[in-house]
Amino acid sequence: MDVLQDTYEALQATEITSLLASGADSIYHGWSEDAGTYPIIIYGLSEDVPGLSTDDRELMHDVTVRIHIVTSDGAYSGIYAAVNKAMNARGYRRKITQELNDEDMRALS
């Protein structure tokens, strides 16, 4: 299965969409020019690196998916917990978490 498709399907969980401003319509791939209402989730492929190859054939690769939780008030902990649970259930693991503040927006990456 495609990693981005798998990520999108994981983010469609009711436990996640019920916490977003417009439910499943608050999940964006790549970026959101102006979502209008928050919180939202933006996801995308950050890195795809060959992990193991032999005889000029790639056998394994390491993929990093970046998920941003963007809020206007910084209240992301419930969304973060739901996203982490959904992604862990699919075999993904969290590599790094970083909180960003930009004027009136708060993002957890």
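Modeller: Let's start with S26: a polar atom of its side chain sits 2.7 Å from the backbone nitrogen of S22. For a polar contact I take N or O atoms within 3.5 Å, where, within protein, one must be able to donate a hydrogen and the other to accept it, and residues adjacent in sequence count only if both atoms are side-chain atoms. Bear in mind that this is a predicted model, where local features need pLDDT of at least 70 and side-chain atom pairs pLDDT 80 or more, while totals for chains, interfaces and linings use all residues. Numbering runs from 1 along each chain as its sequence is written, and side-chain values use heavy atoms, leaving out hydrogens and water.

S26 is in the loop between α2 (14-17) and β1 (27-29); helices (H or I, at least four residues) and strands (E, at least two) are DSSP runs, numbered from the N terminus. S26 is buried, at 1% relative accessible area (buried means under 20%, with a 1.4 Å probe and protein chains only). Leaving aside residues up to four places away in sequence, S26 touches L20, A21, P39, I40 and I41, with contact meaning heavy atoms within 4.5 Å.

Now the sheet: five strands, open, ordered β1-β2-β3-β5-β4, with mixed pairing (a pair needs at least two DSSP bridges). Its edge strands are β1 and β4 (99-102), each pairing on one side only. Further in, β2 (residues 40-54) and β3 (residues 57-71) pair antiparallel over 13 bridges, and D48 has V63 in β3 as its bridge partner.

Definitions and conventions
Buried means under 20% relative accessible area, exposed over 50%, partly exposed in between (1.4 Å probe, protein chains only).
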